[in-house]
Amino acid sequence: MAAIRIVLMGPPGAGKGTQAARLAAAHGALHLATGDILREALKSDTPLGREARRYVDSGTLVPDRVVLALVEERLRAGGAGQGFVLDGFPRTVPQAEGLDILLDGLGAPLDGVLVLDVPDEVVVERLGGRRTCPACGAVYGPEGRSERVEEDRCDRCGAPLEVRSDDRPETIRRRLEVYREQTRPVVVHYELRGLARRVDGVGGRDEVTARLEEALSGLLPPTAVQGATR
Ligand code: AP5
């Protein structure tokens with residue numbers, strides 16, 4: 001199977017984490033989510049976590065130099081060779097420029113960028129109902145609640161579920177503003193290079209995965225597409 005090297009973009013709650021995990025598993029790629037890495041650091045109270053907390057909790061962006069260093073460390077540790085799905089990164093034009101330089105140096109250029117389009121009202125509904133498992137990282141949407149054997153416990157590992165600290169209504173609004181101001185220009189950065197494909201992110205999870213796979217197949221060389229379907 002040929003390695004895929006893609007960025008998955010979209011507003012908060014667009015389904016990036018959900019879909020990046022699926023794409024990475026289907027293509028044997030590394031799923032690199034800067035939000036997950038930062039939340040791990042918050043939990044373990046590392047220097048990185050202490051620096052990141054005020055940004056994450058207020059819905060603003062952690063400084064570019066911090067995030068670029070995190071991504072560089074992981075891609076140099078093997079992610080570039082195995083293939084990767086970047087989730088939540090890059091989020092600013094300087095981050096996108098830093099990624100271009102890093103990938104040039106690694107001889108691993110991007111295959112493309114998939115952008116999930118989801119309107120604000122759907123985002124607010126999804127994030128208002130999201131519960132996460134602090135132990136195993138499972139993510140639940142509002143519709144999953146009634147299926148769980150024990151309300152407010154993780155189906156996979158039984159740990160009590162949590163609401164993310166940045167999923168309060170006022171912080172969701174701030175994150176949407178930050179997306180419009182600082183991350184939409186990154187979409188334009190990739191559109192100008194002909195690398196971006198927009199995908200409708202509204203619909204069931206499987207439906208969205210199928211749309212993403214279709215858009216991805218239009219970005220990859222034919223041999224990579226054949227490999228992924230084996
Ligand atoms: P991050 O963790 O990246 O958050 P985000 O971009 O706001 O995105 P979310 O994780 O909220 O949503 P998602 O798109 O992954 O959707 P999900 O799959 O969970 O970043 C958090 C913070 O970290 C930032 O605010 C910033 O402070 C910092 N940070 C991170 N990266 C940074 C960077 N590069 N630079 C600077 N700072 C950075 O889905 C959402 C919900 O909807 C879930 O409940 C899910 O189950 C449900 N759902 C998913 N798909 C569907 C569907 N098709 N139908 C119905 N429900 C669905």
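User: Why is glycine 13 called buried?

Analyst: In this predicted model, glycine 13 has a relative accessibility of 13%. Buried means under 20%. The value falls under that cut-off, so glycine 13 counts as buried.

User: Where does glycine 13 lie, and what does it touch?

Analyst: Glycine 13 lies in the loop between strand 1 (5–9) and helix 1. Leaving out residues up to four places away in sequence, glycine 13 touches Arg126 and Leu127. Proline 119 is 106 residues from glycine 13 in sequence, and the two C-alpha atoms are 10.0 Å apart in space.

User: How many residues surround the ligand, and how do they divide?

Analyst: There are 34 residues around the ligand. The closest are Thr18, Thr60, Arg91, Arg130 and Arg175. The shell divides into 13 nonpolar, 12 polar and 9 charged residues.

User: What makes arginine 130 a buried residue?

Analyst: Its relative accessible area is 13%. The cut-off for buried is under 20%. Arginine 130 is therefore buried. Its place is in the loop between helix 6 and strand 5 (131–132).

User: What does arginine 130 contact?

Analyst: Leaving aside neighbours within four places in sequence, arginine 130 is in contact with Val139, Tyr140, Glu162, Val163, Arg164, Asp167 and Arg175. With aspartate 167 there is a polar contact between the side chains, at 2.9 Å.

User: Why is aspartate 45 called partly exposed?

Analyst: Its relative accessibility is 47%. Buried is under 20% and exposed is over 50%. The value sits in between, so aspartate 45 counts as partly exposed. Aspartate 45 is found in the loop between helix 2 and helix 3.

User: What is the phi of aspartate 45?

Analyst: Aspartate 45 has a positive phi of about 55°, although it is not a glycine. Most residues other than glycine have a negative phi.

User: Which residues does the cis peptide bond join?

Analyst: A cis peptide bond joins phenylalanine 89 and proline 90, with omega about 0°. Most peptide bonds are trans. Proline 90 is found in the loop between strand 3 (84–87) and helix 5 (93–106).

User: Is isoleucine 101 buried or exposed, and how do you know?

Analyst: Isoleucine 101 has a relative accessible area of 63%. Exposed means over 50%. The value passes that cut-off, so isoleucine 101 is exposed. Isoleucine 101 is found in helix 5. Arginine 65 is 36 residues away from isoleucine 101 in sequence and 14 Å away in space, C-alpha to C-alpha.

User: And valine 199, buried or exposed?

Analyst: Valine 199 has 4% relative accessibility. That is under 20%, so valine 199 counts as buried. Valine 199 lies in strand 7 (residues 196–200). Leaving aside neighbours within four places in sequence, valine 199 is in contact with Val115, Leu116, Asp117, Arg211, Leu212 and Ala215.

User: How many helices and strands are in the chain?

Analyst: The chain has 9 helices and 7 strands.

User: What makes the chain as compact as a globular protein of that length?

Analyst: The radius of gyration is 17 Å. The globule rule gives 17 Å for 230 residues. The two values are close, so the chain is as compact as a globular protein of that length.

User: What share of the chain is buried?

Analyst: Buried residues make up 47% of the 230 residues. The chain exposes about 11200 Å², and carbon and sulfur atoms supply 52% of that area.

How values were computed: Residues numbered from 1 in each chain as written. Predicted model: local features only at pLDDT ≥ 70, side-chain atom pairs only at ≥ 80, totals over all residues. Heavy atoms only, no water. Near = heavy atom within 4 Å. Nonpolar A, V, L, I, M, F, W, Y, C, P; charged D, E, K, R; others polar. Helix = DSSP H or I, 4+ residues; strand = E, 2+ residues; numbered from the N terminus. Buried < 20%, exposed > 50% of the residue type's maximum accessible area, 1.4 Å probe, protein only. Polar contact = N/O pair within 3.5 Å; in protein donor to acceptor, adjacent residues only side chain to side chain. Contact = heavy atoms within 4.5 Å. Rg over C-alpha atoms; globule rule 2.2 N^0.38 Å. Areas by Shrake-Rupley, 256 points an atom, 1.4 Å probe, with all protein chains shown as cover.
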